[in-house]
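Trainee: I am new to this structure, and I would like to learn how to read it. Could you walk me through it with a few questions and answers?

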Amino acid sequence: MTGRRVIRLGSLAYLALILVAPVGLIFWRAFEHGWHPFWAAISNHDAVHALKLTLEVTLVAVPLNTVFGVLCGLAIVRHRFPGMGLVNALVDLPMALSPVVVGMALYLLYGRQGWFGPWLSGHGVRVLFAYPGILLATMFVSLPFVVREVVPVLREIGIEQEEAAATLGARAFTTFRRITLPAIRWSLAYGVVLTTARCLGEFGAVAIVSGGIAGRTQTLTQYVQASYENFDQTGAYAASVLLAALAILTLILMTKLKPREEVHGNRGA
Amino acid sequence: MAIEARNVTKRFGDFVALDDVSIEVESGSLTALLGPSGSGKSTLLRVIAGLERADAGDVFISGKEATALAPQKRGVGFVFQHYAPFKHMTVWDNVAFGLSIRKRPKAEIAKRVGELLELVQLAGLGKRYPSQLSGGQRQRMALARALAPEPEVLLLDEPFGALDARVRVELREWLLRLHHEMHVTTIFVTHDQEEALELADSIVVMNRGRVEQIAPPRELYDLPANEFVMSFVGPVNKLGDAWVRPHDIELGHEPNGSTREAQIERVVRLGFETRVDLVRDDGERLHVQLTRDEADELELDSGDIVYVRTRRERVF
C-alpha cells in the first residue's frame, strides 16, 4: 500500500516540478500586475500579427497533413508497392530529425543558392522569409502524427468491412466515406489534435526559414523569443500564456476524445 | 446456369490456390464447396464474387461474362466467415446499407429492412450494434444485409465455422428453410462434410486447388470418384487396397469362410451409435459403427475376439 502511495506521490511531484511549476509560473508572471498589462502586451500590432500568422499556418498545414496522412496510411496498410518500407520509415523522419536541421534543409533548397531558389525567384515566388517557407517548415515537422495514429487502426479493422461494402454495391469513395472513415474517426481526430499542437508550437525550423521579421514573418513562438531578447518580459510572458492557452485547449480536446476512443475500442468484437 | 467458372487459375506468389478449376452451378440450387483448409474453396468463392481476380479463366454469372467485372457490379451477396459487420452502424443501418447507397426511397428501404429483419428473426434488435449481438444473430444480420439488394447469387464463406455446435445445427436447418423460401442460387464453403451432405443439392469436393468430384450428396457418398473423396466424405477404413466405411462391416462370434479374426480394443457408446475399435490378426486397425441394438445383441467387450466381414468395399 505504502509502496503504491510512494509511486503515486513521486510521480505527481515529478509532474508538478517538471511540468506544472514552469507553466504555472508563466501564468502568474503574465498576470502579476493584473489584466491590463497582459492585454496591452498581446493586443499590440506585432503580437496580433504573430498570432494571426501562426493560426493561418496551422489552419492550412493541419488539413493538408490530415488528408495526406490518411492517404499515406491507406497506402501503407492496404497496398503493396515497391519502396513501401522506405515510405514507412520516411514518415518518421520529422520525429527523428531536429527541427533546426529541417530549417537548414529548406534553406539549402529554397535559398538564393539553393536548388529551387533561383528558378522560383525568377518566377516571382518567394519561399524563404515568407509565408510559403513557414508553411513548408511547419508541414514538415507536423507530418507524422496523423499517419502514425491512423495506421494501427487501419491494420486492426482489416479489409473485410470494405470488401463487404463493395459486394453490397458501394464504390471506392462511398466505402471510404461510410465505412473506413467512421472506423478510424477517433484515431484521426487524435492525430489532428497532435498535429495542431505541433503546428502551434513549432519554433526551430520556422526560426531558420522565416527570418522572424516583426509584424511580417514572425510567428507567435518567435514573438515570445524576440520579446524576451528585447527585455520585454511582460510581452514574452503574455504571448507565452497565449500559446499555453492554445496548447491547453488542444489538450482538453484530446482528453475529451481519448476515453471515447477507448470505449469504442472495447465495444468492438 | 446461374454461375459458371471456366478453367480458373489463381496463384498467390508460388502457391497455386486454384489450378484450372471449372464448375457449373444450377440456378436456384444450394451448392457446397467442400474441402480441407488450403484446398482453394474460399479463393474460388472470392473469385466468383470479384474480390480476387483470377490469373486465368472466366467467370459467368447468370449467363453474363463477369470475369473483369468489379464486385459492385456482379449482383452478388457475400457473407464473410466472420460476418464483417459494420461495427459503427446499428443492425438496421447495416441491413439498409446496400439499399441506401442505391438511393432508394426512404419508405421503400424501411419496408424492406423491416421485412428482412423479420425474416432473419432479428425484428426488434434493429437499434442494437453488432457488438451487442450473439454470434448466431450477427450471422443472420450479415445474411439479411447480403440479401437486401436482392442479389442473383448468394455466397457464404464458412457460414457456420465460428459458431458453437448447437447454434450451428439450428442455423443449418434455418438456412435450409430460408433457401426453400427464397430460391436464391447459393454457394457455401465448408470443411465439414456433414454440413455439406445435410444442406447441399450438389457438392463440389476440392483438394489442393483442384476439383476432385462434383455430385449430389448421395452419389458422392456411395460412389466417390477417388481415394481422396472416399476418405474426406465420411469416415473410412483402409484394408490393403480396399476402402470400407465403418458401417459396412459386420461382426460375429463365429467364423465362416469369408471372415477374419480381430480383437476388440475399445467400445464407445454414443447414444444410438456404438463405435468399436478393432485390431485384426494381421495387425490392421479397424473402426466399426454399429447400432446400439446390434452391439447389445453381440455383448461386445474390450479384449473379446470377434470375426469380421466387410459388406461393401471400394477399390480405386
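Predicted model: local features only at pLDDT ≥ 70, side-chain atom pairs only at ≥ 80, totals over all residues.

Trainee: Let's start with confidence: what average pLDDT does chain B have?
Mentor: In chain B, 100% of the residues score at least 70. For the complex, the predictor gives an ipTM of 0.87 and a pTM of 0.84. The average pLDDT of chain B is 93.

Trainee: How far apart are the C-alpha centres of domain 1 and domain 2 of chain B?
Mentor: Begin with the outline of the chain: the C-alpha atoms of chain B fill a box of roughly 75 × 45 × 30 Å along the principal axes. Within chain B, domain 1 covers 3–231 and domain 2 covers 236–315. The C-alpha centres of these two domains of chain B lie apart by 39 Å.

Trainee: What percentage of the residues in chain B are buried?
Mentor: Chain B contains nine helices and 18 strands. Among its contacts with a separation of 6 or more, 64% join residues 24 or more positions apart. Of the 316 residues in chain B, the buried share is 39%.

Trainee: Which residue just after α1(B) takes a positive phi?
Mentor: Helix α1 of chain B spans residues 41–49 and is mostly covered, with nine of its nine residues buried. Including K41(B), R46(B) and A49(B), these buried residues belong to α1(B). Just after this helix, a positive phi of about 90° is taken by G50(B).

Trainee: Which element gives the largest share of the side of chain A that touches chain B?
Mentor: The contact takes 17 residues from chain A and 21 residues from chain B. On the chain A side, the elements that give two or more residues are α10 (160–167) and α11 (172–201). By class, that side has eight nonpolar, five polar and four charged residues. Its largest share, six residues, comes from α10(A).

Trainee: Which residue in β2(B) is the bridge partner of I3(B)?
Mentor: Strand β1 of chain B (residues 3–12) and strand β2 of chain B (residues 15–25) pair in the antiparallel sense over seven bridges. Their hairpin has two residues between the strands, and G13(B) takes a positive phi near 65° there. In β2(B), the bridge partner of I3(B) is V25(B).

Trainee: Why is one side of β11 and of β18 in chain B left without a neighbour in the sheet?
Mentor: These strands belong to an open sheet of three strands in chain B, with the order β11-β12-β18 and antiparallel pairing. In that sheet, β11 (237–239) and β18 (314–315) of chain B stand at the edges, so one side of each has no neighbour, because each has a single partner strand.

How values were computed: Residues numbered from 1 in each chain as written. Chains lettered and ligands numbered in written order. pLDDT = per-residue confidence, 0-100. Contact = placed C-beta atoms within 7 Å. Helix = DSSP H or I, 4+ residues; strand = E, 2+ residues; numbered from the N terminus. Nonpolar A, V, L, I, M, F, W, Y, C, P; charged D, E, K, R; others polar. Buried ≥ 20, exposed ≤ 12 C-beta atoms within 10 Å, placed from the backbone. Domains from an automatic or database assignment. Pairing = 2+ DSSP bridges.
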